[in-house]
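Colleague: I am new to this structure and would be grateful for a guided introduction. May I put some questions to you?

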Amino acid sequence: MISQTTDNDDDEKIESFQQQQQNQKNQKAQSTKKHEKDSKEVLEYLSNWKYRSLTSTHWKFNKNTQSWLLRHMYNAEKVPKSMFSLLEEYLKGIQSDQIIERIKEDAAKRALQYKEWEKEQQPDNDNEETEKNEEHHNRRKEYKRARKVLSIFSTSKDTSE
């Protein structure tokens, strides 16, 4: 009878220990989650950049924010039209040839993908028409932004040479 109670006690201790380990894993997972930028934070960064010489607001280059902008600049939900206008000005100020080349390659790739996708689309009169229109609208926005980005760098390089 005594051995049964010690077995139960051992089982409870093991369960308790396993639960503690699981809680620690969950806490670590929560603490290591990436900080997700929000539009307000990025808009503030761009605004501070634009008006850095006119105001006492201190602007400091932030590589993570710039990377976020470059990664999401074609997404109209994450980078709304007003923010994209600021971003266009910001892009003109980028001086790293390596970054400019990457931006141009990405923009050209996106523009070509849109053109290929557009050729594949065939007019349908399905119930999916509204979904297709929305998808076409989003892809078209991405295409237009890619063309703007390409024009920024083609004109800025042409005038500097």
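Colleague: How many helices and how many strands does the chain have?

Modeller: Please note that this is a predicted model. Read from the N terminus, the elements run α-α-α-α-α-α. The count is therefore 6 helices and 0 strands, where a helix needs at least four residues.

Colleague: What share of the residues of the chain counts as buried?

Modeller: The chain exposes about 12,600 Å², and carbon and sulfur atoms supply 46% of that area. A residue counts as buried under 20% relative accessible area. Of the 161 residues, the share that counts as buried is 24%.

Colleague: Among contacts between residues at least 6 apart in sequence, what share joins residues at least 24 apart?

Modeller: A contact requires heavy atoms within 4.5 Å. Of the contacts between residues at least 6 apart in sequence, the share that joins residues at least 24 apart is 69%.

Colleague: What distance does helix α5 reach from its first C-alpha to its last?

Modeller: Helix α5 comprises residues 97-120, a run of 24 residues. At 1.5 Å a residue, the expected reach is 34 Å. The modelled helix is close to that, at 35 Å.

Colleague: Is A111 buried or exposed?

Modeller: A111 lies in helix α5, and its relative accessibility is 8%. The cut-off for burial is under 20%. A111 therefore counts as buried.

Colleague: Is Q113 buried, partly exposed or exposed?

Modeller: Q113 is also found in helix α5. Its C-alpha atom is separated by 9.4 Å from that of R139, 26 residues apart along the chain. Since its relative accessibility is 41%, Q113 counts as partly exposed.

Colleague: Where does Q121 lie, and what is its relative accessible area?

Modeller: Q121 lies in the loop between α5 and α6. Q121 and K132 are 11 residues apart in sequence and 9.4 Å apart in space, C-alpha to C-alpha. Q121 is partly exposed, and its relative accessible area is 34%.

Colleague: Is K60 buried or exposed?

Modeller: K60 has its place in the loop between α2 (39-50) and α3 (63-72). The C-alpha atoms of K60 and N48 are 12 residues apart along the chain and separated by 8.7 Å. Because its relative accessibility is 64%, K60 counts as exposed.

Colleague: Which residues of α4 are buried?

Modeller: Helix α4 has 12 residues, 81-92, and reaches 17 Å, close to the expected 16 Å. An α-helix has 3.6 residues a turn, so residues three or four places apart point the same way. The buried residues of α4 are M83, F84, L86, L87, E88, Y90 and L91.

Colleague: Which helix gives the most to the lining of the largest pocket?

Modeller: The largest pocket holds about 250 Å³ of space, and its lining includes F84, H137, R140 and K144. Both α4 and α6 (129-160) supply at least two residues of this lining. The helix that gives the most, with 6 residues, is α6.

Colleague: How many residues of the lining of the largest pocket are charged?

Modeller: Among the lining residues are K81, K141, R145 and K148. The lining divides into 2 nonpolar residues, 2 polar ones and a charged group. That charged group numbers 6.

Colleague: How many residues of the lining of the second largest pocket are nonpolar?

Modeller: About 160 Å³ of space lies in the second largest pocket. Its lining is W49, R52, W59, F61, Q66, Y90, G93, I94 and Q95. With 3 of the residues polar and 1 charged, the nonpolar number 5.

Key
Residues are numbered from 1 along each chain as its sequence is written. This is a predicted model: local features need pLDDT of at least 70, side-chain atom pairs count only at pLDDT 80 or more; totals for chains, interfaces and linings use all residues. Side-chain values use heavy atoms; hydrogens and water are left out. Buried means under 20% relative accessible area, exposed over 50%, partly exposed in between (1.4 Å probe, protein chains only). Accessible areas come from the Shrake-Rupley method with a 1.4 Å probe; for residues, only the protein chains shown count as cover. The expected span of a helix is 1.5 Å times one less than its number of residues. On a 1 Å grid over the protein atoms alone, a cavity is a set of points where a 1.4 Å probe fits but cannot get out, and a pocket is an open set with protein on both sides within 12 Å along at least five of seven lines; lining residues have an atom within 4 Å of a point. Grid points are joined across faces, edges and corners, and a volume is the space filled by probe spheres set on the points. Ala, Val, Leu, Ile, Met, Phe, Trp, Tyr, Cys and Pro count as nonpolar, Asp, Glu, Lys and Arg as charged, and the others, Gly among them, as polar.
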